[in-house]
Amino acid sequence: MTLLERSAACAADAEKYLLPVLRSGEAEKMKAHVQHGGVSTYEHCFNVAKCSLYLARKWKWKVDEEELVLGAFLHDFYLYDWHVNRRRGRLHGFCHTALAAKNAREIFGVDDKVYYIIRTHMFPLTLFWMPRSAEGWLVCLADKYCALRETSARGYGR
Ligand SMILES: [Fe+2]
Ligand SMILES: [Fe+2]
């Protein structure tokens, strides 16, 4: 069983932590954008939230689970389709963390810890933005794992 499949055990808890965000309707906007292959940004972000929580529990890392899940779910909350605009597509890897973190702060009023989980999730691509917390490292790792699984599961990236 893959890590992504095993992390389904954490789905209910992740949803519980995300209840205010999920109820707001703002997160629904992520369903309109494709992330990898046929996976929406919403689905990808929820996968990262489940995996981050699963790994934190499996490795017994001392984390704030609520902030971890919130940062994980909002890590790609940039709300545009990076496949559409070619120039934007090329710069997307570098630029979307700043936009997602800004959106999360403006729309959900996230604190600095969650802000930096989002802002640093592309490390080492964003060389000067290294994760500053255990939660940040978990999201950085889970994001890479999920992106790989989501693309390879659909015959891409092999
Ligand atoms: Fe991202
Ligand atoms: Fe991501």
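This is a predicted model: local features need pLDDT of at least 70, side-chain atom pairs count only at pLDDT 80 or more; totals for chains, interfaces and linings use all residues.
In it, residues are numbered from 1 along each chain as its sequence is written, and chains are lettered from A in the order in which they are written. Local features need pLDDT of at least 70, and side-chain atom pairs count only at pLDDT 80 or more, while totals for chains, interfaces and linings use all residues.

Me: Why is Y17 called buried?

Reply: A residue is buried if 20 or more other C-beta atoms, placed from the backbone, lie within 10 Å of its own. Y17 has 20 other C-beta atoms within 10 Å, and therefore Y17 is buried.

Me: Where is Y17 placed, and which residues does Y17 touch, not counting residues up to four places away in sequence?

Reply: Y17 lies in helix α2, a helix being a DSSP run (H or I) of at least four residues, numbered from the N terminus. With that sequence limit, Y17 touches E65, E66, V69 and L70, where contact requires C-beta atoms within 7 Å.

Me: What makes a set of residues a nonpolar core?

Reply: The members are buried Ala, Val, Leu, Ile, Met, Phe, Trp, Tyr and Cys residues joined through C-beta atoms within 7 Å. The largest such core here has 40 residues, of which A49, V69, L70 and F73 touch the most other members. The largest share, 10 residues, comes from α4. Not counting residues up to four places away in sequence, A49 touches A14, V69, A72 and F73.

Me: Which residues of α5 are buried, and what covers them?

Reply: In α5, L68, V69, L70, G71, A72 and F73 are buried, and the elements covering the buried residues of α5 include α2, α3, α4, α7 and α8.

Note on methods. A residue is buried if 20 or more other C-beta atoms lie within 10 Å of its own, exposed if 12 or fewer, and partly exposed in between; C-beta atoms are placed from the backbone. Helices (H or I, at least four residues) and strands (E, at least two) are DSSP runs, numbered from the N terminus. Two residues are in contact if their C-beta atoms, placed from the backbone, lie within 7 Å.
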